[in-house]
Amino acid sequence: MKKALILGITGQDGSYLAELLLDKGYEVHGMIRKSATGNTMNIDHLSDKIISHKGDLLDLLSVYKLIKKIDPDVIYNEADQDHVSWSYDLPNYSFDITGSTVGKILEMIRDINVNIKFFQPLSSNIFGKAELFPQNEQTAFNPQSPYGLAKVFAFEICKYYRNVHNMFVSTAIFYNHESVRRAPDYVTRKITQAAAKISLGLQDSLHLGNLDTKVDFGYAPEYMESAYKIMELDKPDDFIIATGEAHSVEDFLKETFKVVNLNPNDYVKFDKKFSRSNDTSMLVGDYSKANKTFGYEPKTKFKEIIKIMVENDLKLNSIK
């Protein structure tokens with residue numbers, strides 16, 4: 001039985017990845033940090049199937065000991081500071097956790113067992129204000145946030161260890177990917193939760209920033225399936241995982257309120273505190289390389305993703 005270690009297993013991506021790897025017959029280990037122990041709802045249903053370990057990326061000794069103890073076949077690093085707006089206020093933390101820690105983990109692997117495979121998720125924010133539409137794996141980086149900068153650093157570190165030390169290190173440049181497990185501080189989940197609550201009489205209004213930003217929205221479970229397929233390839237590489245379609249936040253808002261038969265104009269108010277200080281250009285991905293290499297094709301489309309999220313939030317708030 002192959003063993004996988006998921007760093008960040010309690011998050012949206014880590015939890016879907018855990019389910020997928022269990023279905024594929026893996027022995028799944030997950031690192032849980034102290035501040036996440038009260039937020040394990042995404043993996044509570046897997047508690048008797050996964051093996052949980054205490055650890056923290058800020059305590060590198062704990063990570064080293066964990067890798068050495070488990071000696072996994074593959075490590076998926078789903079743990080970082082992954083919120084763009086938070087990175088403006090926590091730049092040093094974002095640089096450390098999202099960027100330089102990747103190099104430290106890879107150096108641990110090189111010391112413990114150089115044959116351990118490593119997967120690093122990246123973000124479309126590495127392209128920032130891009131000059132090419134859609135973006136592909138050769139598009140120049142132009143990050144506009146500490147988060148984007150940290151992800152560029154993580155990419156270059158991965159490339160270095162793959163090329164110089166001949167390690168199996170693969171990356172996926174994930175564009176926005178949503179699900180019912182998206183945290184409420186992300187605008188998509190904030191919108192679907194608000195629409196559900198407003199329709200149930202539990203909330204009066206919704207405050208948002210700029211709505212004209214266009215985003216490539218995908219479905220998180222499908223993106224984790226791509227991560228698995230990337231790590232099953234014979235050779236490590238970098239891939240863009242996206243839908244190739246761009247929709248504005250306003251499109252997302254209108255479609256969400258349509259599900260609950262409400263007019264968003266009656267409830268939504270602009271609040272400048274939710275607007276980014278230095279926004280990106282339209283980020284939409286060209287996934288043709290992933291399609292040719294392992295058959296990736298987005299299946300769950302924009303409107304279906306929203307419907308799934310809204311119906312889930314209606315169910316959750318009806319229970320309350």
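This is a predicted model: local features need pLDDT of at least 70, side-chain atom pairs count only at pLDDT 80 or more; totals for chains, interfaces and linings use all residues.
Now to salt bridges. Side chains of opposite charge can pair when their charged atoms come close. How many salt bridges does a search of the whole structure find? The search gives 10, and I'll show you three of them.

In one of them, the side chains of D238 and R162 meet, with 2.7 Å from N to O. D238 belongs to strand β11 and R162 to helix α5, so this pair ties together parts that are 76 residues apart in sequence. Are these two buried or exposed? D238 is buried, and R162 is buried too.

Another salt bridge joins R182 to E178, with the closest N and O atoms 2.9 Å apart. Here, too, both R182 and E178 are buried.

Then look at K229 and E225, whose closest N and O atoms are 3.5 Å apart. Both residues lie in helix α7, 4 residues apart, which is about one turn of the helix. K229 counts as partly exposed, at 30% relative accessibility, and E225 also counts as partly exposed, at 30%.

Next, turn to helix α2, residues 60-70. Which of its residues are buried? They are S62, V63, L66, I67 and I70. These cover an arc of only 130° around the axis, which puts them on the same side of α2. On the other side, L61, K65, K68 and K69 are exposed. The buried residues pack against strands β1, β2, β3 and β4 and against helix α4. Just after α2 comes D71, which takes a positive phi of about 50°.

Finally, the aromatic rings. The count comes to 14 aromatic pairs. For F119 and F174, the ring centres are 6.1 Å apart and the planes stand at 50°, so the pair is tilted. F119 is in strand β5 and F174 in strand β6, so they tie together parts 55 residues apart in sequence. Both F119 and F174 are buried.

F217 and F302 make another tilted pair, with centres 5.7 Å apart and planes at 35°. This pair links distant parts of the chain, 85 residues apart: F217 is in the loop between β9 and β10, and F302 is in helix α10. F217 is buried at 5% relative accessible area, and F302 counts as buried at 9%.

One last thing to find on your screen: ring pairs link Y76, F119, F174, Y223, Y287 and Y296 into a cluster.

Definitions and conventions
Residues are numbered from 1 along each chain as its sequence is written. Side-chain values use heavy atoms; hydrogens and water are left out. A salt bridge is a side-chain nitrogen of Lys or Arg within 4 Å of a carboxyl oxygen of Asp or Glu. Helices (H or I, at least four residues) and strands (E, at least two) are DSSP runs, numbered from the N terminus. Buried means under 20% relative accessible area, exposed over 50%, partly exposed in between (1.4 Å probe, protein chains only). The arc is that of the directions from the helix axis to the C-beta atoms. Contact means heavy atoms within 4.5 Å. Rings of Phe, Tyr and Trp (its six-membered ring) pair if their centres lie within 6.5 Å; planes under 30 degrees apart count as stacked, over 60 as edge-to-face and the rest as tilted.
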